[in-house]
Amino acid sequence: MLTAFDTLLQTVVTANSAAINGDNEAFRYECLCCGEEVFLAAQDSNYMATHFRHRSGNNDKDCELYLGQYGIIQDSKNCRNKQERIEFYYNNSTKCFYVSLNFSAEEIHEYEQVGAMLEIRESRNAKPFFNTSIDHSTFSDGVPERFVLDKNATPYFVSNTLNNKKREYYVFNYDSPSFFKILSNDPDDEGFIAKLIRSKSIHTGVRYFIAWPGRNTAQIKLKSIPDVFVENETQFITLGRTTVWGMVVSFKNKNPLLDSILNDWGYNLDVSESVSLLWPPAYEKGEKLVVSSSQLYLRSSFRFQEFGNINITEKCITEITNSITKISLHDPIHILKKNAELEIYKEFLSTPTQTIEVKEGQATCFCVPQDNSFFLFSDFGVEKLSEGQKVYLTQNSYIAEYVDNLLVRTISFLEPSIPDIEAIFYEIISCYWITKNYQDIFAESLPQSIKEYLETCKDTMRINQAVERLIKDEAK
């Protein structure tokens, strides 16, 4: 099959775009007909087109795409996996590992009607060491719920009693450590939460928590490698009675020795991409950003490709510069390119913005204070300003100040004031005394003080040289 549903971008993608932008991680792509997992095949083949393929034995018996009887393609909005959508996390405050599950309102209702149970096993035929009801007393609609893992297993088998299909999830390995991406960029955040990396791609400049139950081999090998920054090392007992060796680490650059060690563990180090929201102001809700505007400005290190690394069409994407892009937001936006991940959706403000008085100010140079959020709007798009940054405004630029998600002040360019001719006149006659022969000057439109001065000049037949030049310039 040439198309599949991308569970991370939440849209239908082609095999070619998936090959360019994805890394074929487990459970990312789903069959459009039966909803089961598919994977990319023939990516490097010279004889066969890149395509999606079912894993052996994981298709539904009536799957038209698996049987080659092509007739229907489901709408991507209705293409929801029949299996659980699962993530794994580590919490440094509790020193525990968690399994996280997320069900929609429709799924919870369906499971609740038949009294379905969620089950986790340490082997395919073992009794579940964890089980819970899938109902509204345990899960909230569309909200991930986390449960502590108190067993060390390779792999974990997750299923529910409605279909009893057991999926394998490899969180920990016998012969390699597991990488968890730390969700906080603050090195002082000791209570950080980290999310398991499903794929085998890791990236430079990213903080990872590396865990290896029962072994400290990763710590020993990585500490002496160039371009490896180790923040701290730890050892603790969790997962029942299992000793886990862990470390917080980031990789500055690729080098052959580091690549060799990571490849031995089955990982590939790549240079990170980046994406950030410049405007409008947003607040975090879980791992998502929430905005109140339909127009977004994003800064990225890569170009957006429709249904490749972003789940929208080309007509919603407008390039401002090589790195700044304007996006029209309709449905929730999912962006994924290597390490760059962003999910944004729109939510109307509970407080009407028209009730907030927006103050107006002017300046030629503005120094960004510590409080609130400031954005510079110019011909080059929108730029989020940092504390202490000095900005020189122009006629085509202005600064917007936000408190939370509300606009409270705009600062526009201060036009330089033109000195009054009378004020200049008094300054000249007080500081400049060179005179010349007087010639008649038309003085009808001049201030009274200058007219009186000219009357004096007629009597003396002398005039201040600078005053004469001022009057002539004014008449032009």
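A charge is said to sit over a ring if NZ of Lys or CZ of Arg is within 6 Å of the ring centre and within 35 degrees of the ring normal. Keep that in mind as we walk through this predicted model. The charged end of K200 is placed over the ring of Y267, 4.5 Å from its centre. R146 does something you can describe in the same terms: it lies over the face of Y89, at 4.0 Å from the ring centre.

Now let's turn to rings that meet other rings. A pair of aromatic rings is described by the distance of the centres and the angle of the planes. Searching the whole structure turns up 29 aromatic pairs. Take F179 and Y208: their ring centres are 5.8 Å apart and their planes stand at 80°, so this pair is edge-to-face. F179 belongs to strand β13 and Y208 to strand β16, so the pair links distant parts of the chain, 29 residues apart. F179 counts as buried because its relative accessibility is 0%, and Y208 counts as buried at 1%.

F375 and Y402 also make an edge-to-face pair, with centres 5.7 Å apart and planes at 90°. F375 is in strand β30 and Y402 in strand β33, so this pair ties together parts that are 27 residues apart in sequence. Both F375 and Y402 are buried. Elsewhere, Y90, F97, F172, F180, F192, F209 and F236 form one aromatic cluster.

Finally, look at two helices. Helix α6 (residues 421-431) packs with helix α7 (residues 448-460) at an angle of about 40°, their axes 9 Å apart, and the two are therefore oblique to each other. I421, E422, F425 and Y426 of α6 meet S449, I450 and Y453 of α7 in this contact. These contact residues divide into five nonpolar, one polar and one charged.

Terms used:
Residues are numbered from 1 along each chain as its sequence is written. This is a predicted model: local features need pLDDT of at least 70, side-chain atom pairs count only at pLDDT 80 or more; totals for chains, interfaces and linings use all residues. Side-chain values use heavy atoms; hydrogens and water are left out. Axes are lines fitted to C-alpha atoms, for helices over the stretch in contact, and angles run from 0 to 180 degrees between N-to-C directions. Helices (H or I, at least four residues) and strands (E, at least two) are DSSP runs, numbered from the N terminus. Angles under 35 degrees count as roughly parallel, over 145 as roughly antiparallel, 65 to 115 as roughly perpendicular and the rest as oblique. Contact means heavy atoms within 4.5 Å. Ala, Val, Leu, Ile, Met, Phe, Trp, Tyr, Cys and Pro count as nonpolar, Asp, Glu, Lys and Arg as charged, and the others, Gly among them, as polar. Rings of Phe, Tyr and Trp (its six-membered ring) pair if their centres lie within 6.5 Å; planes under 30 degrees apart count as stacked, over 60 as edge-to-face and the rest as tilted. Buried means under 20% relative accessible area, exposed over 50%, partly exposed in between (1.4 Å probe, protein chains only).
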